[in-house]
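I am opening a notebook on a structure that is new to me. I will look things up piece by piece and write down what I find.

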Amino acid sequence: MDHFRYHEGELWCDELRASEVAERAGTPCYVYSRATLVDHYDRLAAAFADLSPLICYSIKSCGNLAVCRTLAERGAGMDLVSGGELHRARLAGVDPARCVYAGVGKTDREIREALDAGIGWFNVESEAEFENISAIASVHGARCRAALRVNPDVDPRTHRYTTTGKKETKFGVDLERAEAFFDRYGDDPACRLCGIHLHIGSPVYRVEAYVESVTRALGLVDRIERVRGRRVVEMLDLGGGFGADYETEQSPVASDYADRIVPLLADRARDGLQVVLEPGRTISANAGILLVRVLYVKRSGDKTFVICDGGMNTLMRPCHYDAFHFIWPAAVSGEHEPTRRAREMDLPGLVPVDVVGPICETGDFFAIDRALPPVKRGDLLAVFATGAYGMSMANHYNSQPLPTEVMVDGDRLTRIRRAETYDDLTGPERNPEVLVEGGTKAHGHEGTKGRSESSVSS
Ligand code: LLP
């Protein structure tokens, strides 16, 4: 479900040829389709309409301001995990009261900034964090709301790096501790503990996993409210994790998730429970592609390497998670026009190649032994479903500047982030600042200057 399509051998991004986009924007280049972003958001909102949810787009998936602004205009709040993301949300015109703030390691400064902004809810991950937020709020004379992130111990059956709802991850508190948490902090005057937050992993293609975790969370809500003898939980945040189509029809669609989740919550939502969703990838992944240019084709042993101008610095998912991304030339002959996106393509004349980047690591690849139509220097390749966790995880390794980002909207192409320059790379290093002059005197070594053994090791 996206607006990137082949027509007569050429890839189109909405109403523009990918080749024209690359010529105007340069490569490597992330291309987002505004229509796809809006379509994904609207489908989700429609599917869950019976719950009137607050849909907090997960900025970490793709935080470009133009992307956030597009979704904010449709009514989205935001899911944040850092002061930087709060800054983005505000610049995108999002009311902080419509934002949830998660993350296991919020700093004091970030907490203060979120309090000042009037954040909707802190999604709290530990006792120590709750106490810290409460203490900071008290000192500032501020009041805030919190949802406890509960770890429902459900296996989402996804990559182990992105599994978060199992007991043995660093996220949230387990169900048993959650009741005690409400007993202990339920009457805190500065930070009102009034919500439950779940996020079991990403991507989660098993709809049943949501049914299990929501059911467990509702059991917890009932137990807490029975003990306290009143309504306590006003907000239930289901987190993110809905899938994306890395391969054609790989993922359930919004209505598949909603069909199972909405009936569990409809009565409570009618009764005033605020449901929150935190979708990232399901909105942004298929709304973006990465365009890279082939620099060289090289044979080595039995292998053919297609070396591109973007690599693990531009898109980390293949090397970090072994993630599959469909890759195809932007211009092909008729017989090579893909009708679907899949690992194995059953077309004549394909050749197995490794698609790699310029980075000095063997782990720098987009695909290994992938069957592609023959390509040559100068050809343009599209790496599909890279709108989520593509640019947001890009990095400067090998002193590579970050790539440009553009948005297509019908036949209009807008640059929404310029490519970085060498000056952007080195700017923060330009004015070294002396922080300590003469070294610290070592403990117990009166008169010893500079690096005595004890000062180095302490
Ligand atoms: N809410 C919370 C608390 C999260 O931790 C995440 C993602 C989301 C929402 C959004 O999940 P989504 O709807 O996008 O699946 N870099 C990895 C994904 C890491 C996800 C981290 N948390 C990847 O490239 O697959």
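I started at P28, which is found in the loop between α1 (18-25) and β4 (29-33). Helices and strands here are DSSP runs, numbered from the N terminus: H or I of at least four residues for helices, E of at least two for strands. I then turned to P203, in the loop between β11 (191-197) and α8 (207-228).

**What I am looking at.** I noted that the model is predicted, so local features need pLDDT of at least 70 and side-chain atom pairs count only at pLDDT 80 or more, while totals for chains, interfaces and linings use all residues. Residues are numbered from 1 along each chain as its sequence is written, and side-chain values use heavy atoms, with hydrogens and water left out.

**The ligand.** Which residues come nearest to the ligand? I found S202, E278, R317, Y321 and Y389, out of 18 residues around the ligand. A residue is near if one of its heavy atoms lies within 4 Å of the molecule. By class, I read four nonpolar, eight polar and six charged residues in this shell. Ala, Val, Leu, Ile, Met, Phe, Trp, Tyr, Cys and Pro count as nonpolar, Asp, Glu, Lys and Arg as charged, and the others, Gly among them, as polar.

I listed polar contacts next. These are pairs of N or O atoms within 3.5 Å; within protein, one must be able to donate a hydrogen and the other to accept it, and residues adjacent in sequence count only if both atoms are side-chain atoms. A polar side-chain atom of E278 lies 2.5 Å from a nitrogen atom of the ligand. The side chain of Y389 has an N or O atom 2.7 Å from a ligand oxygen. For H199, a side-chain N or O atom is 3.5 Å from an oxygen atom of the ligand. Taken alone, the ligand exposes 590 Å², and the protein buries 91% of that. Accessible areas come from the Shrake-Rupley method with a 1.4 Å probe; for residues, only the protein chains shown count as cover.

**Helix α3.** I went to residues 65-73. The buried residues of α3 are A66, V67, C68, T70, L71 and A72. Buried means under 20% relative accessible area, exposed over 50%, and partly exposed in between. N64 caps the N-terminal end of α3, with a side-chain oxygen 2.7 Å from the backbone nitrogen of A66. After α3 comes G75, with a positive phi near 110°.

**S284.** I found S284 in helix α10 (residues 281-284). Is S284 buried or exposed? S284 is buried, with a relative accessible area of 1%. Its side chain makes a polar contact of 3.0 Å with the side chain of S61.

**Positive phi.** E8 is not a glycine, yet has a positive phi of about 50°. I placed E8 in the loop between β1 (4-7) and β2 (10-13). E8 is exposed, at 70% relative accessible area. N398, also not a glycine, has a positive phi near 65°. N398 lies in the loop between β19 (380-383) and β20 (404-409). N398 counts as partly exposed, at 32% relative accessibility.

Methods: Buried means under 20% relative accessible area, exposed over 50%, partly exposed in between (1.4 Å probe, protein chains only).
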